[in-house]
Amino acid sequence: MSLEKILEGAKKDGITREEALYLFRNVEKYDQALELFKVASSVRDDEVGSVFKLDGFMGLVTHCTVNPPCRYCRRSSTMPKSGFEPEDVLTLDEISEGARLIKSTGTNIIELGGGTTIGNDGKNVIGAVKAVRKTANLDIWVNVGPALSEDTLRELKKLGVVEVCSSFEVNPLNEGLFREVKPGDNLEARKNLAEMINEVGLRYASVLMCGLGESYQDRVDHMFYLKQFENFEYFLITWFHPFPGTPLGNRPLTSPLEAAKTAAIARLIFRDIDIHVSGYEHIPLWIMAGANRAVHAGASVHRVRDGYGWHTLGAKVKHINDRLDFINLLPTTVKMITGAGMDVEAEIDAKY
């Protein structure tokens, strides 16, 4: 087994578990990463095309009650204002106005995101979807954790929701690591939600976070666990950012190159799904690694957040009211994407 042989075969066929693990362990230097990226981006172009998708974001639509909070989440911080409390949830009127503003940018799809409200059946998410529909013809996907019943999923499908997320962040087969970093979360509930999403016939989205103490074997097992779901269509790769005051706040920031390597290997495994990597500042790197979609890199609506530095990061910010901000990163990210040689969706491209 060699790097050259695996990459040559990966141009036409998916890679095995053993080959994926080999790539994780042996792509260590920038020149090796460039060879991996070259094949991954070629597979992306061949299998899903050269158009980069930019999701809008609306949140929160649900608050979080996971207790104790995940050890990397700002809810576990000693700092005030977690941002996931009931008062942070958008009203239906705010959702409708936010959807109108996001649609005005040419955006075609939006994430309705929120925390996991334990014991909730998700009926409030149905209300949020209907609020979007009042003012904007947008495709919608939902990410609120394992707080959705099967009846709610079926209703969301009737309403035209295209995807629902059940994320794990860490390998769902490594129960010990899951409990270590997500002590108040429910692994079985997340597995059950993934199965229900697939059975109902919605597209399934899920998240892997790099840098939470997992091994390369964990990442491989995580990916091949997701591969069993025939409706798995959207893989979101994030990378650990330490938040001050959290139990993991002193752990080092994960290298973006590690996230890019993970995305490239995912592209060789899954081939024709949408792949996102978090961090819009690094979009050219994600494109090199085979990604084709991003959320939090376009237009978003959420509660006013102090100290986030949106203005200095190239975002256009509009204060809808004293509680709500409309954030537009498209003037920056569209240039990044087209500058890297990919197209963006036509309606967005026409405006930027």
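**Figure 1. The second largest pocket of the predicted model.** The second largest pocket has a volume of about 220 Å³ in this predicted model. Two elements each give two or more residues to its lining, namely helix H1 (3-10) and helix H3 (30-47). The largest share comes from H3, with six residues. Among the lining residues are Leu-3, Glu-4, Leu-7 and Glu-8, together with Lys-38, Val-39, Ser-42 and Asp-46. Sorted by class, the lining comprises six charged, four nonpolar and one polar residue.

**Figure 2. Packing of helix H5 against helix H6.** Helix H5 spans residues 123-135 and helix H6 spans residues 150-158; their axes lie 9 Å apart and form an angle of about 10°. Angles under 35 degrees count as roughly parallel, and H5 is therefore roughly parallel to H6. On the H5 side, the contact is made by Lys-123, Val-125, Ile-126 and Val-129. H6 contributes Asp-151, Thr-152, Glu-155 and Leu-156. The contact of H5 with H6 contains four nonpolar, three charged and one polar residue by class.

**Figure 3. The surroundings of Leu-285.** Leu-285 belongs to helix H11, which covers residues 283-288. With its neighbours within four places in sequence left aside, Leu-285 is in contact with Phe-37, Pro-256, Leu-257 and Ala-260. The C-alpha atoms of Leu-285 and Ala-340 are 9.0 Å apart in space, while the two residues are 55 residues apart in sequence.

**Figure 4. Two cis peptide bonds.** Gly-59 and Leu-60 are joined by a cis peptide bond with an omega of about 5°. Leu-60 is placed in the loop between strand E2 (56-59) and helix H4 (92-103). A cis peptide bond also runs from Asn-67 to Pro-68, where omega is near 0°. Pro-68 is likewise placed in the loop between E2 and H4.

**Figure 5. The backbone at Glu-169.** Glu-169 lies in the loop between strand E5 (163-165) and helix H7 (175-181). Phi of this residue is near 65°, a positive value in a residue other than glycine.

**Figure 6. The whole protein, as context for the close-up views.** The secondary structure comprises 13 helices and 13 strands. Along the principal axes, the C-alpha atoms fill a box of roughly 55 × 45 × 40 Å. For 352 residues, a compact globule would have a radius of gyration near 20 Å, and the 19 Å of the protein agrees with this.

Notes. Residues are numbered from 1 along each chain as its sequence is written. This is a predicted model: local features need pLDDT of at least 70, side-chain atom pairs count only at pLDDT 80 or more; totals for chains, interfaces and linings use all residues. Side-chain values use heavy atoms; hydrogens and water are left out. On a 1 Å grid over the protein atoms alone, a cavity is a set of points where a 1.4 Å probe fits but cannot get out, and a pocket is an open set with protein on both sides within 12 Å along at least five of seven lines; lining residues have an atom within 4 Å of a point. Grid points are joined across faces, edges and corners, and a volume is the space filled by probe spheres set on the points. Helices (H or I, at least four residues) and strands (E, at least two) are DSSP runs, numbered from the N terminus. Ala, Val, Leu, Ile, Met, Phe, Trp, Tyr, Cys and Pro count as nonpolar, Asp, Glu, Lys and Arg as charged, and the others, Gly among them, as polar. Axes are lines fitted to C-alpha atoms, for helices over the stretch in contact, and angles run from 0 to 180 degrees between N-to-C directions. Angles under 35 degrees count as roughly parallel, over 145 as roughly antiparallel, 65 to 115 as roughly perpendicular and the rest as oblique. Contact means heavy atoms within 4.5 Å. The radius of gyration is taken over C-alpha atoms; the globule rule is 2.2 Å times the number of residues to the power 0.38.
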